[in-house]
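Thanks for coming. I will talk about the aromatic rings in this one, and then about charges over rings.

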Amino acid sequence: MKTKLLQGIAAATLALTAGTAQAEEVIGYDLNGEIPVVVETAAPDHLDGALNTIRSGWTFRDESTKTMQMDDFDNPGMLAVEEAEAAWSTAEGSEGKSCADCHGAAEDMAGVKPVYPKYVEAAGEVRTLQMQMNDCRENRMGADPWKYDASAAVAMEALLSSVSRGLPMNVAIDGDAAETWEEGKELYYTRTGQLQLSCANCHEDNYDNLIRADHLSQGHTNGFPVYRLKNTKLNGVHSRFKGCVRDTRAHTYSPGSPEFVALELYVASRSNGLSVEGPSVRN
């Protein structure tokens with residue numbers, strides 16, 4: 001399975017970068033010494049020149065934090081992945097089913113994380129990975145849904161991310177997803193709060209600058225869920241959105257809200273071409 005995954009990562013990366021003027025500029029590292037991870041590459045066309053190059057949050061961290069993420073034995077986020085691996089095979093709910101009963105081994109889910117959020121035709125809406133996980137829990141397992149961005153949900157998302165590490169983000173923004181993507185884009189560029197700041201003011205206009213003795217990143221979500229050294233736990237992307245909006249001194253939205261679903265779709269699409277890294281390690 002590992003050999004097959006590595007071959008898939010190499011093929012996907014080559015397909016994404018082949019024929020582009022900046023293909024030779026792709027920058028990355030080898031996770032665990034064997035999985036190539038792209039952390040800097042040409043920006044997707046839909047950014048319309050707002051960024052010419054996209055960089056993972058990993059590139060903005062100090063060497064000790066970078067090193068921590070490069071080896072699973074040092075990455076504290078992998079403890080939650082181990083917990084989720086046990087939950088993956090545990091039957092729950094009125095149907096007495098586990099995730100593994102329908103989906104097989106967690107490794108068989110490689111390739112799922114890079115395309116979320118996505119429009120789910122059967123549901124008639126754009127769904128995040130946590131939304132889809134809860135749909136499985138309620139409608140296939142007969143189990144209670146997890147609270148959005150709660151520890152169990154974030155751990156399972158980390159597991160599904162971990163088996164896709166090295167694969168390029170490839171979120172669709174056209175077709176039925178286009179309307180939600182446009183809503184997310186509007187939220188990204190809208191100034192809010194007493195400070196009148198938008199996401200773009202920090203992560204597009206001022207990345208690499210210092211804020212509170214820390215470097216602002218480009219705000220990509222390919223590394224989520226993120227283990228933050230600041231609060232010593234895994235964090236979901238909606239919780240990070242909530243904190244950012246709150247820091248503008250604005251009324252914020254709740255994790256799992258339609259607004260944050262739209263924002264996640266847009267921000268994830270800005271990561272297209274970077275490798276999945278979650279669970280990553282950040283300050």
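One definition before the residues: partly exposed covers relative accessible areas between the buried class, under 20%, and the exposed class, over 50%. By that scale tyrosine 253 is partly exposed, because its relative accessible area is 33%. Keep in mind that this is a predicted model.

Now the rings. How many aromatic pairs does a search of the whole structure find? It finds eight. One of them joins phenylalanine 241 and phenylalanine 260, with 5.6 Å from centre to centre and 55° between the planes, a tilted arrangement. Phenylalanine 241 belongs to helix α9, residues 237-247, and phenylalanine 260 to helix α10, residues 258-270, so this pair ties together parts 19 residues apart in sequence.

Are these two phenylalanines buried or exposed? Phenylalanine 241 and phenylalanine 260 are both buried. For phenylalanine 260 the relative accessible area is 2%.

Phenylalanine 260 also pairs with tyrosine 253. Here the ring centres are 5.6 Å apart and the planes stand at 85°; planes over 60 degrees apart count as edge-to-face, so that is the class of this pair.

Elsewhere, ring pairs link Trp181, Tyr188, Tyr189 and Tyr266 into a cluster.

Last, the charges. Arginine 55 has its charged end over the ring of phenylalanine 60, at 4.0 Å from the ring centre. Arginine 137 places its charged end over the ring of tryptophan 146, and there the distance to the centre is 4.1 Å.

Terms used
Residues numbered from 1 in each chain as written. Predicted model: local features only at pLDDT ≥ 70, side-chain atom pairs only at ≥ 80, totals over all residues. Heavy atoms only, no water. Phe/Tyr/Trp six-rings, centres within 6.5 Å; stacked < 30°, edge-to-face > 60°. Helix = DSSP H or I, 4+ residues; strand = E, 2+ residues; numbered from the N terminus. Buried < 20%, exposed > 50% of the residue type's maximum accessible area, 1.4 Å probe, protein only. Lys NZ or Arg CZ within 6 Å of the ring centre and 35° of its normal.
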